Amino acid sequence: FKEFPELILSPDHIKKYGNEFKVLTKALDPANGVHLHFHWNKEESYHFPNVIPTGSRDTLFLGIKKGITKEKLIESIKKAIETKDGSNVYELCNSYNIHLNSGLHLTPGIYHAPVSLFTIEVQTPHDDYSHIAWDKDWDENMIKTHLFKGLFNSVEEVINASNFEANLREDFKKLTTELVKK
């Protein structure tokens with residue numbers, strides 16, 4: 001690939017990005033879904049192929065409900081840390097039931113918790129994320145390593161690293177129309 005990039009990549013791509021094709025593809029089979037999180041710099045797309053579901057959650061959490069303020073979100077995350085229960089944070093999110101053979105694309109900064117369906121994930125190869133809620137069983141180590149990531153000192157700093165305004169988009173319903181069970 002690096003020896004003969006012009007056989008695979010266009011001249012425009014090579015001129016703009018060099019002879020690298022930075023895409024990571026994963027096959028995920030999460031039994032219980034993935035915790036609510038966002039990525040600072042990573043774009044990703046999900047495809048839910050027509051595979052018999054084996055997981056326990058077919059609800060996709062995506063963005064936050066209209067009218068939720070940044071302060072309310074921060075307050076809810078702090079309460080979740082205190083009570084070691086993130087259900088109050090999930091309640092602030094839009095939720096969609098997913099049908100098989102559908103998919104979506106997410107830009108950086110969008111809060112999301114994917115479903116427990118077999119998933120093909122195509123993404124830029126970055127491992128940047130902050131979990132902002134777990135279903136249960138929060139502990140100090142999870143908070144340090146998955147919320148603050150050694151980069152942030154407060155919940156406010158974490159949320160400021162997200163794209164809060166983009167999480168209030170009213171077109172999430174349109175974006176997920178093809179995902180919602182009819």
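Helices here are DSSP runs of H or I with at least four residues, strands are runs of E with at least two, and both are numbered from the N terminus. You're looking at a predicted model, where local features need pLDDT of at least 70, side-chain atom pairs count only at pLDDT 80 or more, and totals for chains, interfaces and linings use all residues. Residues are numbered from 1 along each chain as its sequence is written, and side-chain values use heavy atoms, with hydrogens and water left out.

**Stop one: H39**

Select H39, in the loop between strand 2 (36–38) and strand 3 (44–48). H39 is buried, at a relative accessible area of 6% (buried is under 20%, exposed over 50%, partly exposed in between, using a 1.4 Å probe and protein chains only).

**Stop two: helix 2**

Next, pick residues 70–83, the 14 residues of helix 2. Colour L73, I74, S76, I77, A80 and I81, which are buried. Look down the axis of helix 2: those buried residues fall within an arc of 160 degrees, so they line one face (the arc is taken from the directions from the helix axis to the C-beta atoms).

What covers the buried residues? Show helix 3 (87–90), strand 9 (130–133), helix 4 (140–148) and helix 5 (155–161), which are among the cover. Finish at K84, which follows helix 2 and has a positive phi, near 60 degrees.

Conventions:
The expected span of a helix is 1.5 Å times one less than its number of residues. Contact means heavy atoms within 4.5 Å.
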